[in-house]
Structure formats: structure tokens, C-alpha cells
Amino acid sequence: MTAHLKITGLGKTFREQRVLRNINLEVERGEIFAIMGPSGAGKTTLLRILNLLEKPDTGSITLDGDTINGTQQSGHSAARQRISMVFQSPALFNDTVYNNVAYSLKVRRMDKDIIKSKVSQSLRLVGLEGYENRNAKTLSGGEEQRIAFARAVVFEPDLLLLDEPTANLDPGNVAKIEEVIRTINRELNTTIIIATHHMNQVRRLADRVGMLLEGELIETGSREEVFEGVADERTRAFIEGEMVC
Ligand SMILES: Nc1ncnc2c1ncn2[C@@H]1O[C@H](COP(=O)(O)OP(=O)(O)OP(=O)(O)O)[C@@H](O)[C@H]1O
Ligand SMILES: [Mg+2]
């Protein structure tokens, strides 16, 4: 059987710098997969390629057997409807929460009543029900990021990409966002790939983990394998905080 998400031989070079080298990875439907690695390892670049914001120089990515990104032009528009991403900073529009969350559904020209019910379901998932009429710019940082999650999952993507989604938050809000991530994964069975520096976050959230170092995925395994078993020397140094990140 073909893996839900399959990355084969992926490579990317910016100018002279090889940022990603021969990445091979399979992720199953409904998994939470954490990509850990120090600053500059290539985490964001990998997520941007998965989100079709960037093209790789080598290799390909398939989602349920359909090629979604690769060196050849492929069925981007259909794939785009199945993938969503949340960034470190939410960048909401200066508008109501409702209009922020409803945006991708309005673009799809969905029926107004359906949009309304999907927006309220999405706000419930992130624990901000009733926030529809608030202006997004009057929210706290933690609330803004939860709205960014609501906006990202309102169209029920198959694949949700998270690029250090708690990097700018205090511990209380980190815990809330982690709960949102678990809820989305459990209730919508969304496959989640999260890039993070934070070992404790990986421990709390991930089913499986990959260690990216200088553009190479040097190790993948279950959370238990990576944290408790015999890990690559360099992964161990990273986990134990010896590697600067
Ligand atoms: N558009 C670009 N043009 C040139 N170089 C780039 C570009 N995007 C990324 N890079 C380089 O690619 C390397 C990997 O960057 P990337 O942002 O993917 O790392 P990262 O693992 O996400 O780091 P961080 O943890 O700091 O976010 C870096 O050396 C970066 O300078
Ligand atoms: Mg990054």
C-alpha cells in the first residue's frame, strides 16, 4: 500500500547552498510527525516545499499516491485544497475573527450557512467559540495563534504543517496550543507535521520523530525509539541540549 504522505529523494539548493539533501520519509494518515533540528537545518524549507510554496530541485512528494510537488509541474490546485500551514506568527487580517476564519471557504464559494457552521465548529476546536465578532487585532498573542489554527483547519485539510507554532508564546499558551493540536488530530484525524526546536514539545506531542541536520534527515523513529532507544550520536547531543539551536 502507498503511504499517505511519501517524500522521495527530495533535494533543494539555494544559490550554492544545499539546504535539503535526499530526504526520504513516509508519514501515515493521522500521525503527528515532529521534525526537530537546530536553526538552519532546513525545517522551514522542507515545510514550504510540502506546502507547495517552493519547488524542490530533485525528488517528489505524493499524497495518497498523487504527486503534489516535484521537479515537474503537477496538480497543484487540487493538492492545495488538502494542505494547510500555520506559521510562527499568525498574520491575521485586520478584520473580524469570523472573516479571518471563513476566508478559505469564501474563496471556495461555499454556501453561507455552511460557512457559518464550519467557522463555529472550527472556533470550538480551538476553544474560542463565540469569538466571531471580535476584531482579530484585539486578541492576545495566544488567542491570535488559536485563530490561525481555526483558519487553517476550517476546510478540514488532510495535512496540517506547523512551523514552530509556539515559538512566540509563554508556557500557558504553549500548553493551550498543544491541546489544540491534539484535539485537531483526534477529532479530524488530520496528519500533522510539526517543526520545532523544543524537545519537550516533541516528547509531549509526537508519534514519530525525524532529526534534520544540515539538510539531511539523519534519523527517524517512534518517539520512544528516538528518546529512549539508541539514537544517532548527533541526535542524542541535540536531545540532551549539547548542540546549539
Ligand atoms: N529563499 C532562500 N534563499 C536563500 N537561502 C535560503 C532561503 N530560504 C532558506 N535559506 C537558507 O537555507 C537554510 C535552511 O533554512 P531554514 O529556514 O529551512 O532552516 P530552519 O531549520 O527552519 O531554521 P530555524 O530553526 O532557524 O527556523 C539556511 O541556511 C537559510 O539561510
Ligand atoms: Mg524555520
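Val97, Asn100, Val101 and Tyr103 in α3 are in contact with Ile147, Ala150 and Arg151 in α5 (contact: C-beta atoms, placed from the backbone, within 7 Å; helices: DSSP runs of H or I, at least four residues, and strands: runs of E, at least two, numbered from the N terminus). I sorted these contact residues into five nonpolar, one polar and one charged (Ala, Val, Leu, Ile, Met, Phe, Trp, Tyr, Cys and Pro are nonpolar, Asp, Glu, Lys and Arg charged, the others, Gly among them, polar).

I note that this is a predicted model: local features need pLDDT of at least 70, side-chain atom pairs count only at pLDDT 80 or more, and totals for chains, interfaces and linings use all residues. Residues are numbered from 1 along each chain as its sequence is written, chains are lettered from A and ligands numbered from 1 in the order in which they are written.

Next I checked the axes. Those of α3 (97–107) and α5 (141–153) come within 7 Å and cross at roughly 30° (axes are lines fitted to C-alpha atoms, for helices over the stretch in contact; angles run from 0 to 180 degrees between N-to-C directions). The two helices are therefore roughly parallel (under 35 degrees).

Then I turned to the sheet. Four strands form an open, antiparallel sheet in the order β2-β1-β4-β5 (pairing takes at least two DSSP bridges). β2 (17–27) and β5 (66–70) are the edge strands. Five bridges join β1 (5–14) to β4 (58–63). I found Leu5 opposite Leu63 in β4.

Technical notes
Parallel < 35°, antiparallel > 145°, perpendicular 65-115°, else oblique. Contact = placed C-beta atoms within 7 Å.
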